[in-house]
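Okay, thanks for making time, everyone. I'd like to walk you through one model today, so let me put it up on the screen.

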Amino acid sequence: MGGHILPFWPCWRPDRGRRSTTLDTTRVCDNPRVMATPLAKDIIERALNVAALKGAAYADVRVVERRTETVVVKNGRVEALSLTHHAGLGVRVLLDGSWGFASNADLSVVAAEEAAAQAVAIARASALVKTRNVELAPAPVVRDVYRTPIRQDPFAVPLERKIELLLAADAGMRRVQGIEVAQSSIDLYRELKTFGSSEGSFIEQELVETGCGIEATAVREGEVQRRSYPNSVGRHTATAGWELVEEFDLPGNAERVASEAVELLSAPPCPSGVRTVILDATQVALQVHESCGHAVELDRVLGAEASFAGTSFLTPERLGRYRYGSPVVNITADATIPGGLGTFGYDDEGVPAQRTPLVREGIFVGYLTSRDTAAELRDRLRALGNPAGIDLDRLASNGTARADGWNRIPLIRMTNINLEPGPWALADLIADTDDGLYMETNKSWSIDDRRLSFQFGTEWCREIKGGKLGRVYKNATYAGNTPQFWAGCDAVCREWRIWGTPNCGKGQPMQVAHVGHGAAAARFRDVQVGLMR
Amino acid sequence: MYGEETVRRLAETILAASEADQTEVVFVGTSASLTRFANNTIHQHVAETGGEVTVRAVLGKRIGIASGNRLDADGVREIAARAVAIARLQPEDPTFVSLPAPMAWERAHSYCQATAQATPVRRAEGVATIVRRAQERGFQAFGHFSTETSELAVFSSLGTATYHAGTVAEISTVAMSDSGSGYASAVSTDVTVLDPEAIAARAVDLCARNVDQAMLPPGEYEVLLEPPAVAELLDFMAGDGFNGLAFEEQRSFMNGRLGERLLSPKVSIWDDGHDRRGLPLPFDFEGVPKRRTVFIDRGVAKEVAHDSATAARAGTLSTGHALPPPNTFGPVPVNLFMANGDARSREEMVREIERGVWVTRFWYVNLLHPLSLTLTGMTRDGTFLIEHGEVKSAVHNLRFTQSVVEALGDVRALSTDLALQRSWLGATLVPAVHLGRFTFTGATKE
């Protein structure tokens, strides 16, 4: 009940995004038109001051303002039309080797000082139960401004135009006989956040996201089938402006999507067995998310999520040595690629967005790290004798700690976790496959708490026979264990883009992160398919 | 806490300022703290305070929704104005009838002072108890201890005026060794009834027994599901089956079956926002009072949940299960209860099982098909093989793929004891359940 129910689901100019590239020097913001209000600066300064006076070894403060716009059309009527605007402050302190955090929706210096004092009291309580002191790996001191580069402000597009577009998509889907539910949506997001730390960093960011999508549900006695476009979970999202909605042309794809939903009603179920599978780019994106992205979150690896989201099989002694997949598998974390849903300027510890290899030619080589986990990893690797010969003194955060709003602490979250493109054209890959299944658009997902045993379902599946796409199957599922599955990856395509996963859940209390996955279609051998009776 | 008077004044300010034909104000206030621990250390410890207002403005048959957390007079008036402005911009919804008329409602008892005043040190001491228990056996403890106060109020221009304050305290823990793990949890409105010592003992005992796991082949087995696993299945039944929108869209397992025997006669499932064994909530997010609503009565499908929108389209009345606006998910019960049975102990239930799997909890459960409610997920934190009425060994975690409707068609026994489990928006009270058939399709292996 209460605040955990309602998800916390500011001033824009058509600038190119600005981002500091210096890592080791203090740099004063050279953009005179800063976004932070005097109040935000005051709040940060006063909260840091209280934390310092009370003995905090480190403190940071975030003032966050978030606006969203949601338009949903269903079966010819506007199902939801909603604008939200929330703001608040959060103070994080490190004291006696332990963390404390307090947050308040009241944007005032009084509330900021109270939150700082509360955070200190919480940290003192935390220190009653500890086995080691938190240490922070060094990070550059940064003073900068970052804005998502967009072409057209999505919030400035008139609501009437958005409704008209979705109604057109809706009409296109419902022209197809057999469609029970047609749903179309546009989701916009703008976050203005100001970060200040006791080390002297001061960073302002404005992040903008646009998402859109359609879903057609066909029903016939005893059967329900769904098709979605451009991606499942109702939409595709990116750090982009209105240009994304125009690119994906929802009305132009509506009839096709609806026809496919109806076709699935009379399709035979996906056969069971062990087969060669080609997954489309959107399903590869989710596969990467579940079996790699989560597995390399260092806080999970170190046990921080063990009672809830789980741990990881990619334990520290495996870093640099473990075969995660075949040599064609290369996976990279990259928070700098324009348009990626996991793209930003700085994480919520003030560490610059950057690029980190995670898997190179199939070998596991990198984690997603934060300041305290990087320091802990250094100690763990040292205790293990550093089997992969990593330069431990240079272990630092690679900028993946993000908080879902003012009232949450930063946790390690995926940025854009990308399967690097390969040489194949999808058409050629299908032609190269004698006997297999092509699966497209995720429908269900499940994986164990160590990120090993998984099962996925897709909306759409087609037989491949003699290099050609054949009949359609419904209720397609496939399952496997992560390293065996990726060992069977023998080809990656080159038609690549970053797909958005706007609903990644982690943490207690729950946090939802918006992350991206660059992917193209890929082929996997010897996959167990057809798990539904 | 904001308090009833402050919230009432805030709502009245909005209703007075609104130019809509009908206006609804939903207020949610939160004061929540959570102490999280891993590797025998408190590694995260957080607190939040805030309130939020959501306004639904109705102009004819056009609805605009705006929400925000700036709660001064100007702030809330701005939210109201925004809702009205966007209501003007859209076409009419021909299916919309009205916001709910005000109804008599009874207050529910879910506020406990001790929970509201629980301090960081109190939670830390509870965690210290759990950690000590784990350390005695050489185990690591992980989990959380949370205490929160929430306020919910719904006011409308039609006269709805409802306010509720409640508290929730919860402890969950996983004890881990190099060989295995064990889970235990408890939730209540009253922090003083949570016993960290007892919770730790359960998790530690499970962990100690969860060693030398065998690999079980895929197949159909009897299962003994502990309450956390049962509650998970019920929560899916609620969201995808008892949900009146799923029913309207023909994607519920209840479609075409109302009045028919759907499940075992041992199965009864209902929703009751006033039952003090749960986390009571007297009204829904439209201010419609909650009443005991029976979904399954001795195996027979009875009715589904409605909010005012699905009720209007179905030609019936809201059952008081509206979720926060904008709600495109549909009406969902959040105070679920399942009838218990005769089995007075777990030993008694185990003795009846020829070859089966004892499951502590499920993880990462997802829906494969709504009409049969076929789900897939994993077991975790204590999974055991039972043979000839005795626990034979621990097993590696298993993946299941199973229709819940089919599984609940063959209920062999229900425990007498019930346990409360936190759900997405509320809580579910369930027994342990022995099912005759459950399909496991794989296992975790490296």
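This is a predicted model: local features need pLDDT of at least 70, side-chain atom pairs count only at pLDDT 80 or more; totals for chains, interfaces and linings use all residues.

Let's start with a hairpin: in chain B, strand 16 is joined to strand 17 through 4 residues. Residues are numbered from 1 along each chain as its sequence is written, and chains are lettered from A and ligands numbered from 1 in the order in which they are written.

The model scores ipTM 0.95 and pTM 0.94.

Strand 16 (residues 411-422) and strand 17 of chain B pair in the antiparallel sense, over 8 bridges. Pairing here needs at least two bridges found by DSSP between the two strands. If you want one pair to click on, Gln421(B) has Thr428(B) in strand 17 as its bridge partner.

Which other strands of chain B pair with strand 17? One of them is strand 7 (residues 219-225), antiparallel over 6 bridges, with Glu220(B) opposite Thr439(B). Strand 15 (residues 398-403) is antiparallel to strand 17 as well, joined by 3 bridges, and there Leu398(B) stands opposite Ala443(B). Strand 11 (residues 335-338) runs parallel to strand 17, with 3 bridges, and Asn335(B) faces Ala427(B).

So is strand 17 of chain B enclosed or open? Of its 17 residues (427-443), 15 are buried, so the strand is largely enclosed by the rest of the structure. Buried means that 20 or more other C-beta atoms lie within 10 Å of the residue's own; 12 or fewer makes it exposed, in between is partly exposed, and the C-beta atoms are placed from the backbone.

Now over to chain A. Its secondary structure comes to 10 helices and 23 strands. The radius of gyration of chain A is 24 Å, close to the 24 Å that the globule rule gives for 533 residues, so the chain is as compact as a globular protein of that length. That radius is taken over C-alpha atoms, and the rule is 2.2 Å times the number of residues to the power 0.38. Of those 533 residues, 64% count as buried.

Chain A is divided into domain 1 (27-265) and domain 2 (273-529), with bounds from an automatic or database domain assignment.

Last stop, the two chains together. How many residues are in contact? It's 86 residues of chain B with 73 residues of chain A. On the chain B side, strand 2 (residues 41-59) gives the most, with 12 residues.

Definitions and conventions. Helices (H or I, at least four residues) and strands (E, at least two) are DSSP runs, numbered from the N terminus. Two residues are in contact if their C-beta atoms, placed from the backbone, lie within 7 Å.
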